[in-house]
Amino acid sequence: MTKKYITTAIPYVNGKPHIGHAIDYCLADVCARYYRACGDSVKLQVGTDEHGNKIAQKAKELNVPVQEYVDENAANFRSFIKKLNVSYTDFVRTTDKKHEQRVKEIWQKLSGHIYKAEYEGWYCVGCERYITEKECQENGGICPDHQKPYEKLKEENYYYRVADFKEQIRDAIEEDEILILPDFRKKEMMRLLEETPDVSISRPTSQLTWGVPVPGDESQVMYVWMDALANYITVLGYPEKDISGWWPATAQFVGKDILRFHAILWPALLLGLGLPLPKTIVSHGMVLADGQKMSKSIGNVVEPLEVIDKYGLEAFRYYFLRHVDTFADADFTWDKYDDAYNNELANDLGNLVQRLATLASKNDIRINTGTSIAIYSEEYDDLMREYKFSKAFDLVWVKIQGLNKRIDEEKPWNLAKEGEIAKLYTCMCGLIKDLLQANHELAPFLPETAEKIQNVFAGDKIQPPKTPLFPKH
Ligand code: MSP
C-alpha cells in the first residue's frame with residue numbers, strides 16, 4: 001500500500017467561506033477518494049489560516065476580540081468543509097498551540113538562513129504580501145485584486161535568505177522534481193523566481209501583534225505566510241515526529257493567486273529544513289461570476305450555501321468539478337447551473353438509472369454486482385493521475401450519454417414484449433455492468449450518488465429509486 005499526502009490551501013478566516021474556497025476542497029477530495037479507491041493509504045489535510053493583519057483588522061472593525069473572532073469563523077469553515085463531504089483526515093488551525101510551538105521550532109532550525117535588516121517598501125494587506133517596487137509601479141500603486149493603495153512600510157524585519165536556494169529551486173522546477181501544473185504556470189514561476197528578493201518573514205509588534213512570536217525576540221511576530229506554509233508539515237507532527245512516511249506531499253492544491261508562495265518561498269523553507277520538495281503543486285483557476293471576479297464591492301458574490309441548498313451538494317460538486325476546468329478560470333451563472341442540473345444530472349444520469357432499474361425490476365433481472373466492478377479505464381486513470389479532473393469527469397459523462405443512446409438503440413422493452421428472454425437478459429446485463437463501471441469512475445466526484453446507484457443495482461432484487469436521483473426543477 002502506497003501512502004499519499006494531499007493538501008489544501010488554508011483560507012483566511014476573515015469572513016465566511018466562499019465558492020473559491022470550495023474549489024480547493026473539492027479538487028483535493030476527488031484526488032483523495034481516487035487514490036483510496038486505488039488501494040492507497042491517504043491523508044488529506046485541511047485547515048484555517050488565522051493570523052495576520054487582515055484578520056486582526058477585521059476583528060477590530062467588528063469590535064470583537066481576535067481570538068473569539070477566529071474561533072467563530074474557524075467553526076464556520078469546519079462545518080462548510082463537512083457540508084461539502086470532504087473526506088479529510090487532519091484539520092489544522094494556525095492558532096493551535098501545537099502548531100505555534102512547532103512553527104517556533106522550525107524558525108530556530110532555519111536560523112542559519114535568517115538575518116535582520118530594515119525593510120523599506122510596499123505591502124498589500126489584502127494579499128498579505130510584500131510588493132516589489134517594480135510591481136508597485138506596474139500597478140500604479142494600487143493592488144489590482146483588492147483595489148486598495150499599497151501601504152508603505154519602513155520597519156526592521158527578519159529576512160529569509162531565499163538566495164541560498166534559488167539555484168536548487170530553479171533546477172527542481174525545471175526538471176519537474178516539483179511538478180507545477182498547469183505547465184504554463186511553471187514558466188511563470190521560473191520567471192518570478194529570478195526576480196524574487198530575500199523575503200521578509202516578520203513584522204514588528206508595534207505594527208502587528210496577532211502572529212506567532214519570533215523565538216528570542218519579543219519585538220517581532222512572524223509574517224503570516226511563514227506560519228501558514230508550515231501548516232503542511234506541522235499537521236504531520238514536524239519537527240518532533242518523523243514525517244518521512246507522508247512527506248513529501250503527493251499533491252498540494254492551491255489557487256493560481258497563491259501559487260508563487262508555494263513555488264518559491266515554500267520550497268526555500270523546505271530546503272532550509274533539509275526536507276524533500278512536494279511532488280506536485282496543482283494550481284487551479286478562479287471562479288468568476290458573470291465573467292468578473294467575485295467581490296463584495298462589485299456585489300456579485302454567489303453564496304455557496306445558497307447554491308448547495310438549491311439542488312443539493314452533489315449538483316454543486318458536479319458543476320464545479322466538471323464545468324469548471326481544473327486549471328482555468330470559469331464562470332458561474334445560475335442559468336448554466338440550472339441547465340447542467342436539468343439536462344445532465346436529471347436527464348442523462350437520473351433518467352438512465354430510473355429507466356434501467358425499472359426495466360430490470362419489471363423483468364426480474366438480477367446481476368451479480370460483486371464481479372461487475374471493473375478496474376478503471378486506462379484513459380481515466382491517466383487523466384486522474386495528471387490531475388485533469390474535469391477532463392476525466394467529461395470522460396465519465398460520455399459513457400453515461402453513450403449508455404442512454406444504447407438503450408434507445410437496443411430497445412430492451414421490445415425484447416421483453418417479444419418474449420426474447422435470453423436476448424433481453426444479455427442486453428440488460430451489458431447495460432447495467434457498463435453503468436456500474438462508469439459509476440465506479442463517477443464515485444470520486446459524486447460519492448453519494450455513486451453509492452445510491454450501487455445500492456439500486458446491488459442486492460437480491462433491483463429496485464428503482466423511490467424518488468428520482470435528481471428530481472427535475
Ligand atoms: N490563507 C491563504 C492560504 C495559505 S495556504 C498555506 C489564502 N487564503 S484565501 O482565503 O485567500 O484563499 C484560500 C484558497 O481559496 C486559495 O487557494 C485561493 O486561490 C482560493 N480562492 C479564493 N478565491 C477564489 C476564487 N474566486 N476562485 C477559486 N479559488 C479562489 O490565500
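Helix α6 (residues 166-174) and helix α10 (residues 259-273) have axes that come within 10 Å of each other and cross at roughly 115°, where axes are lines fitted to C-alpha atoms, for helices over the stretch in contact, and angles run from 0 to 180 degrees between N-to-C directions. This is a predicted model, in which local features need pLDDT of at least 70 and side-chain atom pairs count only at pLDDT 80 or more, while totals for chains, interfaces and linings use all residues. Residues are numbered from 1 along each chain as its sequence is written, and side-chain values use heavy atoms, with hydrogens and water left out.

**Helices and their packing**

- Helices (H or I, at least four residues) and strands (E, at least two) are DSSP runs, numbered from the N terminus.
- The crossing of α6 past α10 is right-handed; a crossing is left-handed if the near helix is turned anticlockwise from the far one by less than a right angle, and right-handed if clockwise.
- On the α6 side the contact is made by Q168, I169 and I173, and on the α10 side by A263, I264, P267, A268 and L271, contact meaning heavy atoms within 4.5 Å.
- Helix α2 (residues 53-62) has N53, K54, I55, A56 and A59 buried, where buried means under 20% relative accessible area, exposed over 50%, and partly exposed in between (1.4 Å probe, protein chains only).
- These buried residues of α2 pack against α3 (66-83) and β9 (202-204), and the helix is followed by N63, whose phi is positive, near 60°.

**Nonpolar cores**

- A nonpolar core is a set of buried Ala, Val, Leu, Ile, Met, Phe, Trp, Tyr and Cys residues joined through side-chain atoms within 4.5 Å.
- The largest such core has 166 residues, of which Y160, W247, F253, F320, Y387, F445 and F457 touch the most other members.
- Leaving aside neighbours within four places in sequence, Y160 is in contact with residues including L110, H113, F165, D198, L265 and A268.
- A second, separate core of seven residues includes C124, C127, I131 and C136.

**Aromatic rings**

- Rings of Phe, Tyr and Trp (its six-membered ring) pair if their centres lie within 6.5 Å, and planes under 30 degrees apart count as stacked, over 60 as edge-to-face and the rest as tilted; by this rule there are 35 aromatic pairs.
- The rings of Y34 and Y380 form an edge-to-face pair, because their centres are 6.2 Å apart and their planes are at 65°.
- Since Y34 lies in helix α1 (residues 19-37) and Y380 in helix α14 (residues 378-385), this pair ties together parts that are 346 residues apart in sequence, and both Y34 and Y380 are buried.
- The rings of Y311 and Y341, with centres 3.9 Å apart and planes at 10°, are stacked, and the pair links helix α11 (residues 304-311) with helix α13 (residues 334-362), the two residues being 30 apart in the chain.
- Y311 is buried at a relative accessible area of 11%, and Y341 is buried at 2%.

**Charges over rings**

- The charged end of K4 sits over the ring of Y35, 4.8 Å from its centre, which requires NZ of Lys or CZ of Arg within 6 Å of the ring centre and within 35 degrees of the ring normal.
- K152 lies over the face of W122, at 4.6 Å from the ring centre.
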